[in-house]
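Here's a walk through the model you have open.

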Amino acid sequence: MRMGRHILALATTMLVAVWSTHPLAATPSGEVIAHQGDGSAPACTGCHGPAFQGNPAMKAPALAGLASSFILARLAHYAGPTGHNPAMRAVAQALTPADRQAVAQYLSTLPKAPR
Ligand code: HEC
């Protein structure tokens, strides 16, 4: 049994190594994007507030608890030809489709802003 366990440990190590170098790992989680950006797009907290409850000084509305389909639609709008908001245009155009999905999904799980 000793030998079997050793092989299992080795297999696990190899699996973790393959997992972490897989291209899918290049997409940061929605939580990371929202708080730290994705390397090209800035963090959403910078304008939308630390808990995504909105920031009137930046004219940035609350994002917490919005439906992910709504967030995705807004990002597509800002990135497209009819999106004229300069702040969100830059953000939306910098996000990859996978990053938009991830960040929209994450924000939709957060508690809505108190009114
Ligand atoms: C540089 C400041 C800035 C940053 C950074 C920023 N936003 Fe925004 N965002 C704004 C502003 C300003 C608006 C309001 C634009 C308008 O009036 O349409 C907005 C609007 C939005 C809206 C529309 C909300 C609604 O109720 O219509 C979404 C969705 C959104 N932002 C998502 C994000 C996400 C996701 C990130 C991070 C990846 C992000 N924003 C980062 C400034 C910013």
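Helices (H or I, at least four residues) and strands (E, at least two) are DSSP runs, numbered from the N terminus. By that rule, Ala-104 sits in helix H6. Before going further, note that this is a predicted model: local features need pLDDT of at least 70, side-chain atom pairs count only at pLDDT 80 or more, and totals for chains, interfaces and linings use all residues. Residue numbers start from 1 along each chain as its sequence is written.

Is Ala-104 buried or exposed? A residue is buried if 20 or more other C-beta atoms lie within 10 Å of its own, exposed if 12 or fewer, and partly exposed in between, with C-beta atoms placed from the backbone. Ala-104 counts as buried because it has 24 C-beta neighbours inside 10 Å. Leaving out residues up to four places away in sequence, Ala-104 touches Ser-68, Ile-71 and Leu-72, where a contact means C-beta atoms, placed from the backbone, within 7 Å. Ala-34 is 70 residues away from Ala-104 along the chain, yet their C-alpha atoms are separated by 9.0 Å.

Now follow H6 itself. This helix has twelve residues and reaches 17 Å from its first C-alpha to its last, close to the 16 Å expected (1.5 Å times one less than the number of residues). Its buried residues are Asp-99, Arg-100, Ala-102, Val-103, Ala-104, Tyr-106 and Leu-107. Part of what covers them is H2 and helix H4 (68–79).

That brings us to the largest nonpolar core, which has ten residues, including Ile-33, Phe-52, Leu-63 and Ala-104. Such a core is a set of buried Ala, Val, Leu, Ile, Met, Phe, Trp, Tyr and Cys residues joined through C-beta atoms within 7 Å. Helix H2 (30–36) and helix H6 (97–108) are the elements that give two or more residues to this core, and H6 provides the largest share, five residues. In soluble globular proteins, nonpolar side chains tend to be buried together.

Next, the ligand. Its shell has 21 residues, the closest being Cys-44, Cys-47, Ala-60, Arg-74 and Ala-87; to be near, a residue needs its C-beta atom, placed from the backbone, within 6 Å. Helix H3 (45–48), H4 and helix H5 (86–94) each supply at least two residues of that shell.

Zooming out, the chain has six helices and zero strands. Of its 115 residues, 18% count as buried.

Terms used
Two residues are in contact if their C-beta atoms, placed from the backbone, lie within 7 Å.
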